[in-house]
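Here is a note for a colleague who has not looked at this entry before. Please read it with the sequence and the coordinates open.

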Amino acid sequence: MLYFSTQDSSHRVTLQEAVLKGMPPVGGLYLPESLPVMPDKFLRNLPEMTFQALSVEIAKTLLGDDVPAEILQNIIVDALDFDTPLINITEKIKALELYHGPTLAFKDVGARFMSRLMAYFNRGNDRHLNILVATSGDTGSAVANGFFRVPGINVIVLYPAGKISLIQEKQIATLNENIMALKVNGTFDDCQRLVKAALIDPDIQKTLTVSSANSINIARLIPQTFYYFNAIRQIPDFLHKKIAVCVPSGNFGNLTAGLIAKKMGLPVARFVAATNINHVVPDYLKSGDFEPRASIQTISNAMDVGNPSNFARMLALYDNSVEKMRGDLTGYYFSDDETRAAIATVYQSYGYILDPHGAVGYLGIQNYLARYPEIETGIFLETAHPAKFGETVEPVIGRPITIPDRLAKFLERPILSRTISSAYSEFKELLLESGLHQQC
């Protein structure tokens, strides 16, 4: 299968080139030229399948022409050695917990799969592959840890100074070795701008082999389709129920993966995009006008994105038609006060602790079910362990959150990041002078 650019559909490349280049040189983002529909037998057999087994089947269907089945099997068994359980919150609302991987965030799924696929595609290459990643929180920690000590690959993580939690920063900036952490005096949008510019800079490309690990990269997005199928298989008689899924959204990679899964046959009646006050996509769904703007800092910091990259993919999936997109997608947005209130209410009423991003997702599905009571099951994505946001959550619920051991170990380590400005010239100079053709 070939992969086309959302900017210029005539530009088409192989999966290997799409993964290793990250972004098309003509602009836009890569998407598969077609999306195969999973067979009915696969859907009927889902209740008896494990997360790993269903992931292998989806990967073989999407990627089987480009990667041998045995390699895909090995990648998935190694990368996805944890589950994504569906937890009952109320009679109709369930949380899909995506934080049972090594860094306790949903991005472990994409980052771990991508690191192993990139290592496979880069095998035998004398030049190191340099992964550039902008993060508003959990992407950086998942990518840094997913690629840590992977031979032949360096990772350069850019994160906005003062705009991520201490635990997130510790997970990103305490590893060293083949991981370089850059603290940018700016916003996530600045970090993303720097990465995008470097990926298409001819001077960089002459000297270094670079790619991306944000949801810009199709290899991050594809494995995120897996857990949507894993969610519905945990619902009894799901083929005969009306199901809605709410995705807390910032850069919209997670939601885009869900929409791809729906086009591949995921039996979900509706998707809901829930954002914080950075609500350019809910505004688009209402008005039909996409108006990017500067991001605003919130307590759900991983969603503080004013110009989401994956919106280009969403448009391409729906033929640039807001009407077609509205056929599958509803949008809501919520304030920090509403988010805190949801954390408090859910804890007091059900004993369940939400993180700020999951709280936005809970509010989204709650609002949708109130408006459309015919929906029998509502799922929201719980994207990170609440301990990663203890400074926000603990005052709301009135008690400390137990920090899992694999998270606590990061808190003991010193931060090793380098601070830079948001000027591209400084970032470019650093890349060219850092010896990244070798290991960091």
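The points below go from the whole chain to single residues.

1. The model is predicted. Its protein chain holds 20 helices and 14 strands.

2. Overall size. What radius of gyration does the protein chain have, and what would a compact globule have? For 440 residues a compact globule would come near 22 Å, and the chain has 20 Å, so the two agree. The C-alpha trace spans about 60 × 50 × 40 Å along its principal axes.

3. Burial and contacts. Of the 440 residues in the protein chain, 61% are buried. When contacts are limited to residues at least 6 apart in sequence, 76% of them join residues at least 24 apart.

4. Surface and charge. The protein chain has an accessible surface of about 16000 Å², and carbon and sulfur atoms account for 48% of that area. There are 40 positive and 45 negative side chains. The centres of these two sets lie 1 Å apart.

5. Thr-135. This residue sits in the loop that runs from strand S6 (129–134) to helix H6 (138–147). Is Thr-135 buried or exposed? Its relative accessible area is 0%, and since buried means under 20%, Thr-135 is therefore buried. A polar atom of its side chain lies 2.8 Å from the backbone nitrogen of Gly-140, and the side chain also reaches the backbone nitrogen of Thr-139, at 3.5 Å. Neighbours within four places in sequence aside, the contacts of Thr-135 are Gly-140, Val-157, Leu-158, Tyr-159, Pro-160, Ile-172 and Phe-188.

6. Ser-165. The loop between strand S7 (153–160) and helix H7 (166–173) contains Ser-165. With a relative accessible area of 4%, Ser-165 is buried. Which residues does Ser-165 contact, leaving aside its neighbours within four places in sequence? They are Lys-388 and Glu-391.

7. Helix H12. This helix covers residues 253–263 and is mostly covered, with 10 of its 11 residues buried. Among the buried residues are Asn-254, Thr-256 and Lys-262, as well as Leu-255, Leu-259 and Ile-260. Just after H12 comes Gly-265, which takes a positive phi of about 110 degrees.

8. Leu-104 is not a glycine, yet has a positive phi of about 60 degrees. Leu-104 is placed in the loop between strand S5 (93–97) and helix H5 (107–121). It counts as buried because its relative accessibility is 0%. Asp-237 is not a glycine either, and its phi is positive at about 55 degrees. The loop holding Asp-237 lies between helix H11 (226–232) and strand S10 (243–248).

9. Leu-431. Helix H20 (residues 424–433) includes Leu-431, which is buried at a relative accessible area of 1%. How far is the C-alpha atom of Leu-431 from that of Thr-207? The separation is 9.5 Å, although the two residues are 224 residues apart along the chain.

How values were computed:
Residues are numbered from 1 along each chain as its sequence is written. This is a predicted model: local features need pLDDT of at least 70, side-chain atom pairs count only at pLDDT 80 or more; totals for chains, interfaces and linings use all residues. Side-chain values use heavy atoms; hydrogens and water are left out. Helices (H or I, at least four residues) and strands (E, at least two) are DSSP runs, numbered from the N terminus. The radius of gyration is taken over C-alpha atoms; the globule rule is 2.2 Å times the number of residues to the power 0.38. Buried means under 20% relative accessible area, exposed over 50%, partly exposed in between (1.4 Å probe, protein chains only). Contact means heavy atoms within 4.5 Å. Accessible areas come from the Shrake-Rupley method with a 1.4 Å probe; for residues, only the protein chains shown count as cover. Lys and Arg count as positive and Asp and Glu as negative; His and the chain ends are not counted. The place of a charge is taken as NZ of Lys, CZ of Arg, CG of Asp or CD of Glu. A polar contact is a pair of N or O atoms within 3.5 Å; within protein, one must be able to donate a hydrogen and the other to accept it, and residues adjacent in sequence count only if both atoms are side-chain atoms.
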